Amino acid sequence: MRALIAALFLTAIAASVSAADSATATNRYEFRKEHSRDGIGKFYMGREIAHVMGHQAADWLERPERDEEEHTGKLVAQLPIKPGDIVADIGAGTGYFSRRLAAKTGATGTVLAVDIQPEMLELLTNQMAQAGIRNVKPVLGTITDPKLPPASVDLALMVDVYHEFDHPWEMMEAITRSLKPGGRVVFVEFRGEDPAVPIKLLHKMTVAQVRKEMSALPLEWIETIAVLPRQHIIVFRKSAATKTPASP
Ligand SMILES: C[S@@+](CC[C@H](N)C(=O)[O-])C[C@H]1O[C@@H](n2cnc3c(N)ncnc32)[C@H](O)[C@@H]1O
């Protein structure tokens, strides 16, 4: 009898904890009827989330003038990656950066190329086959989960991706869990502070907004590298004493 009462008590606690969790998850995002046509009407910490770039526009990611416009070679050179590292390219698209990251990790390392669009991963797989690259592994994620193994990643890179995450908190919580202790997260976002950068407002981010959103997670800001003509490189490290992520 005593065991039955204890079991009922524990079930009641579990139910109230999970109700509290889902209430927090519901409150995390705000939905507004009046919003930008470039966004989905869902707001996180005051920022409207942008539409996902569809695979129909994949050619834009591979445009020949990309390096000249964005200095992508310089970007890759800034990343603290060494041979043998496990790197996650989140929102990898056609694999433009995965290919370059694969050269940095070398054959002893791996690039986990995550995307939510199977069509993008198919293009990426074809690109890797053409280039004879074998250390890039495509990973089909979901809008809440990049499907990465825990405590396994040295560096997670997101180039022009974070602003279109449908569930930014859930994604970043999962990405943080996938990092090794001291692992890094690198955001590359078009500069929201700079009206001269010719990109739609919702597809840019300010450093202040990225730092505000990451303050809800066990990540510490390391530096913002300002060497690119249009984008910030914003670097965080997984905190040594991993605190439980705060629910905004
Ligand atoms: C603008 S493209 C950038 C692609 C690549 N990073 C590049 O710079 O070449 C954004 C990509 O992020 C992907 N994406 C959006 N939300 C995602 C999510 N929650 N998880 C993984 N990928 C996501 C999209 O499917 C798209 O392929």
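Helices here are DSSP runs of H or I with at least four residues, and strands are runs of E with at least two, both numbered from the N terminus. Counted that way, the protein chain has seven helices and 11 strands. Keep in mind that this is a predicted model.

Some overall figures. The protein chain has 248 residues, and 35% of them are buried. Take the contacts between residues at least 6 apart in sequence: 67% of these join residues at least 24 apart.

Now the core. The largest nonpolar core holds 54 residues. Which of them touch the most other members? Those are Ala 156, Leu 157, Met 158 and Val 186. Strand 7, residues 153-159, gives this core its largest share, six residues. As for Val 186, leaving out residues up to four places away in sequence, its contacts are Leu 79, Leu 155, Leu 157, Ile 233 and Val 235.

Next, helix 7, which spans residues 207-214. Its buried residues are Val 210, Glu 213 and Met 214. These three lie on the same side of helix 7, because the arc they cover around the axis is only 100°. As background, an α-helix has 3.6 residues a turn, so residues three or four places apart point the same way. What do the buried residues of helix 7 pack against? One partner is a helix, helix 6 (168-178). The strands they pack against are strand 2, strand 8 (179-191), strand 9 (204-205), strand 10 (219-225) and strand 11 (231-238).

In general, strands of a sheet pair through backbone hydrogen bonds, either parallel or antiparallel.

Last, the ligand. How many residues surround it? There are 23, and the closest are Met 53, Gly 91, Gly 93, Tyr 96 and Val 159. By type, the shell around the ligand has 16 nonpolar residues, four polar and three charged. Helix 4 (96-105) and strand 5 (110-115) each contribute at least two residues to that shell. Val 159 is one of the closest residues to the ligand, and residue 159 is also where strand 7 ends.

That is what I have; questions are welcome.

Conventions
Residues are numbered from 1 along each chain as its sequence is written. This is a predicted model: local features need pLDDT of at least 70, side-chain atom pairs count only at pLDDT 80 or more; totals for chains, interfaces and linings use all residues. A residue is near a molecule or strand if its C-beta atom, placed from the backbone, lies within 6 Å of it. Ala, Val, Leu, Ile, Met, Phe, Trp, Tyr, Cys and Pro count as nonpolar, Asp, Glu, Lys and Arg as charged, and the others, Gly among them, as polar. A residue is buried if 20 or more other C-beta atoms lie within 10 Å of its own, exposed if 12 or fewer, and partly exposed in between; C-beta atoms are placed from the backbone. Two residues are in contact if their C-beta atoms, placed from the backbone, lie within 7 Å. The arc is that of the directions from the helix axis to the C-beta atoms. A nonpolar core is a set of buried Ala, Val, Leu, Ile, Met, Phe, Trp, Tyr and Cys residues joined through C-beta atoms within 7 Å.
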